There are 2 protein chains.
Amino acid sequence: MRADIEKLMAQRNLDALLILGPSSANPPMYYVTEGAGLGKSVYLHRRGHAPHLIYNLMERDAAQATGLDCSAYPENDFPRFVEENGGDNPAAWAAFLAHVFKKNGVQGRVGVYGMQETARIYPILRRLGELPGVEVAEETGPRTLFEDARITKDAAEVDRVRQVGLGCYAAYDAMKAIIRAGHLVEGKLFGPDNAPVRIGTLREALLRTFAAHNVMEDHGSIIAQGKDGTAPHNHGTDSDILREGASIVVDIFPREPGGGYFFDITRMLCVGQATPRLREVYADVKEALLTALGSLKVGERCYGYQARTCDLFEAKGYATIRQDSRCTSGYVHGLGHGVGLDIHEAPSLGGSSVNPDVLAPGHLFTVEPGLYLPEDEVAVRLEDIVWIHPDGTPENITTYPYDLEVFPAG
Amino acid sequence: MRADIEKLMAQRNLDALLILGPSSANPPMYYVTEGAGLGKSVYLHRRGHAPHLIYNLMERDAAQATGLDCSAYPENDFPRFVEENGGDNPAAWAAFLAHVFKKNGVQGRVGVYGMQETARIYPILRRLGELPGVEVAEETGPRTLFEDARITKDAAEVDRVRQVGLGCYAAYDAMKAIIRAGHLVEGKLFGPDNAPVRIGTLREALLRTFAAHNVMEDHGSIIAQGKDGTAPHNHGTDSDILREGASIVVDIFPREPGGGYFFDITRMLCVGQATPRLREVYADVKEALLTALGSLKVGERCYGYQARTCDLFEAKGYATIRQDSRCTSGYVHGLGHGVGLDIHEAPSLGGSSVNPDVLAPGHLFTVEPGLYLPEDEVAVRLEDIVWIHPDGTPENITTYPYDLEVFPAG
């Protein structure tokens with residue numbers, strides 16, 4: 001939580017932290033500015049002192065709305081450092097930041113955060129590290145300070161995630177309505193206008209629904225039929241016509257506009273009656289999901305859930321990634337991941353036995369077993385999000401039903 | 001252009017380059033993989049050799065579709081390095097990348113690129129820099145290698161940008177249709193259902209239109225009425241009802257889904273008859289735009305256009321950012337910026353006299369003069385995109401008209 005930042009700085013022996021970049025698609029800056037619509041900004045926090053934000057004058061309204069102590073770039077002589085260094089280059093930025101450090105009394109170990117172009121930030125960090133009395137601190141653990149802070153979500157954050165979920169549920173409803181309005185001809189789905197219903201038809205409905213619910217597709221959505229779904233991150237082929245009985249994995253993960261919180265959910269669609277193999281695989285995945293959901297407990301090692309999911313699938317005769325990291329048939333990924341300002345964040349319910357994560361109050365994470373059978377052209381994944389309440393009670397915040405078959409009218 | 005990468009490596013005396021991260025919202029990786037839908041990947045290019053891509057097995061379809069020589073993380077022993085280093089931490093990544101360097105014969109000066117969390121990449125780079133025979137090269141100039149490559153766009157890239165523009169034009173049409181369908185009551189706009197028409201009403205129409213055209217709002221859109229518009233990056237207030245005669249700055253910049261190319265355009269809306277002050281300011285901005293557009297010439301310094309725009313506005317009595325970097329009334333920003341896989345990239349038509357950019361064939365950039373008058377609550381900006389053809393001819397690729405007033409039916 002934001003309130004943990006000072007404590008986490010002390011744990012890391014940081015005298016100050018610096019965040020660079022815009023608030024959008026940049027979790028640390030979004031987090032500390034609570035989603036202010038800021039472009040390239042500078043956030044400076046000396047331990048034990050109020051943070052200071054340096055903003056672009058064109059964004060003064062957004063900067064002032066944060067309530068933070070703040071000043072504009074020109075008030076910090078940014079244009080002079082650009083002039084003196086022959087342009088807006090790493091030397092100009094390093095000189096400007098050195099000036100900002102001096103002006104704000106920053107000394108000692110400084111942690112630097114924010115999404116940056118590697119080739120641009122590295123020479124800046126090298127120069128900052130050469131300033132007298134300044135050490136650029138390294139984050140060498142499995143999680144950075146902000147990943148540690150963000151792992152604990154409060155009810156207000158979870159409510160925002162739930163709200164994004166409503167857009168997902170509406171999108172599934174819209175996709176199902178398209179299937180229900182169609183009719184089958186020789187095992188392929190056609191609409192009321194007799195035009196073929198394609199994966200792209202579903203994707204258009206999904207995007208329209210997201211827009212109507214003011215949620216944003218950030219990394220694309222997975223709508224993957226048959227063989228496509230058996231490579232878990234294959235986004236699907238828009239030109240494919242929907243086929244009776246085939247598995248369609250629909251994994252969607254929109255976020256709030258402005259680079260805010262994500263939701264993440266996977267449901268299955270199948271036009272008409274599923275094949276016997278699909279029904280069987282679906283039942284196995286659903287069993288794994290319900291087993292994991294039913295056993296979540298604060299204090300348990302996250303990897304344990306992955307291990308027990310592998311046990312379950314292996315007992316049913318499927319191969320798993322635990323047996324072979326190169327596995328492409330069976331259960332081929334981790335059981336889940338934290339969700340928040342990143343689509344994948346801490347804790348991890350996957351990895352291997354070295355995964356140090358332990359379930360704790362405030363964690364918000366997916367549970368998403370899946371089976372992928374390229375040889376049968378069948379793939380099934382089901383995914384919910386769970387929040388561990390402050391009192392330790394797990395709540396499945398995903399309220400959409402687990403249907404498989406959707407029957408066309410005709 | 002992509003074809004320039006080897007040459008740019010030679011200019012920088014790079015023996016190899018490494019790109020880290022996903023293809024989405026990560027211009028270098030998007031650029032070299034031509035927009036493959038890849039998560040966290042590793043791209044390695046030794047000068048004079050074919051590049052190699054390391055991908056997540058779940059993304060094997062997307063990786064193989066790139067046509068690049070490639071291998072999956074497990075084939076490069078990634079899981080072993082995580083095990084040996086106690087988790088997925090910087091030490092594990094550094095050890096893994098050291099292994100990949102060795103396996104692929106990488107030695108000498110290596111440039112590292114890609115959008116990364118600063119606190120995570122810095123310790124990795126420090127460790128790579130300590131490998132025997134390896135130097136992590138610093139990019140100290142105004143542009144990185146990929147910014148240099150990307151500054152020159154080919155016709156295929158520009159066509160993709162034009163296509164995103166169609167979504168913008170449709171969005172303006174949708175917003176104008178809402179205004180035309182309304183009626184004024186005491187200077188405020190109401191719809192056919194007698195509900196007030198708000199900035200949020202326009203924003204919903206914009207998002208629906210973007211979805212229908214398969215373009216994505218990445219950083220939010222600016223729909224800023226009256227005083228809001230006078231802080232150039234204020235996104236506007238959704239609850240505000242549209243007012244007769246007020247300036248509404250509509251600056252929109254969607255991109256292709258999957259983190260691809262941006263468009264960027266600004267047009268004005270005014271419900272009914274504009275105030276005399278707005279008409280006057282609008283005419284001045286339009287004059288500045290047409291003057292700049294009419295004078296673009298290969299070989300000219302980009303900053304010259306900014307300087308001459310300041311001349312024009314100063315002659316009309318407006319203050320400019322050239323006179324005072326803290327200016328908040330008058331002409332308060334640069335004249336334009338490159339557009340591509342970033343919304344702001346090279347060349348810059350702003351900055352100060354140290355801006356080294358010179359107009360050249362292949363450049364694709366905005367021209368966007370504006371005037372901001374908080375004291376009058378009036379703001380006007382107009383923005384087009386220009387491409388310099390390979391033969392040096394500038395083309396204004398923006399084909400949407402410059403209207404100001406839109407008259408409600410009632």
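Student: Where should I start with two chains, and how many residues of chain A are in contact with chain B?

Tutor: The model is predicted, so keep that in mind throughout. The size of an interface is often given as the accessible area lost when the parts come together. Here we count residues in contact instead: 70 of chain A and 70 of chain B.

Student: Which elements of chain A supply at least two residues each to the side that touches chain B?

Tutor: Helices and strands both take part, including α3 (60–65), α5 (90–103), β5 (108–113) and α9 (199–212) of chain A. The most comes from α6(A), with 8 residues.

Student: How do the residues on that side of chain A divide into nonpolar, polar and charged?

Tutor: On the side of chain A that touches chain B there are 30 nonpolar, 27 polar and 13 charged residues.

Student: Which rotation superposes chain A on chain B?

Tutor: A rotation of 180° does it, with 0.0 Å of shift along the axis and an RMSD of 0.0 Å. The two copies are therefore related as by a two-fold rotation axis. Both copies use the same surface, since 100% of the contact residues of chain A recur in chain B.

Student: Which strand of chain B is joined to β6(A), and how do the two run?

Tutor: Strands of a sheet pair through backbone hydrogen bonds, either parallel or antiparallel. In this case β6(A) is joined by 3 bridges to strand β6 (residues 115–117) of chain B, and the two run antiparallel. To find one place on this pairing, look at Glu117(A), which stands opposite Met115(B) in β6(B).

Student: What is the order of the strands in the open sheet of chain B?

Tutor: The order is β10-β11-β12-β20, 4 strands with mixed pairing. At the edges stand β10 (222–225) and β20 (405–406) of chain B; each has a single partner strand, so one side of each is left without a neighbour in the sheet. Within the sheet, 5 bridges join β11 (residues 248–252) of chain B to β12 (residues 265–271) of chain B, in antiparallel fashion. One of the residues to look for is Asp251(B), whose bridge partner in β12(B) is Thr266(B).

Student: At what angle do the axes of α10 and α11 of chain A cross?

Tutor: Two packed helices are described by the angle between their axes and the distance between the axes. The axes of α10 (residues 276–294) of chain A and α11 (residues 302–315) of chain A cross at roughly 145° and come within 10 Å. The crossing of α10(A) past α11(A) is right-handed.

Student: Which residues of α10(A) and α11(A) meet?

Tutor: From α10(A) come Ala288(A), Thr291(A) and Ala292(A); they meet Tyr305(A), Thr309(A), Leu312(A) and Phe313(A) in α11(A). By class, this contact of α10(A) with α11(A) has 5 nonpolar and 2 polar residues, with no charged ones.

Student: Into which domains is chain A divided?

Tutor: Chain A is divided into domain 1 (2–149) and domain 2 (151–406). Taken over C-alpha atoms, the centres of these domains of chain A are separated by 36 Å. Where the domains of chain A touch, 14 residues of domain 1 are in contact with 10 residues of domain 2. On the domain 1 side, α2 (27–33) and α7 (145–150) of chain A give two or more residues, and the largest share, 3 residues, comes from α2(A). That side of domain 1 of chain A has 5 nonpolar, 5 polar and 4 charged residues.

Terms used. Residues are numbered from 1 along each chain as its sequence is written. Chains are lettered from A and ligands numbered from 1 in the order in which they are written. This is a predicted model: local features need pLDDT of at least 70, side-chain atom pairs count only at pLDDT 80 or more; totals for chains, interfaces and linings use all residues. Two residues are in contact if their C-beta atoms, placed from the backbone, lie within 7 Å. Ala, Val, Leu, Ile, Met, Phe, Trp, Tyr, Cys and Pro count as nonpolar, Asp, Glu, Lys and Arg as charged, and the others, Gly among them, as polar. Two strands pair if DSSP finds at least two bridges between them. Domain bounds come from an automatic or database domain assignment. Copies are superposed by least squares on the C-alpha atoms of residues with pLDDT of at least 70 in both. Axes are lines fitted to C-alpha atoms, for helices over the stretch in contact, and angles run from 0 to 180 degrees between N-to-C directions. A crossing is left-handed if the near helix is turned anticlockwise from the far one by less than a right angle, and right-handed if clockwise.
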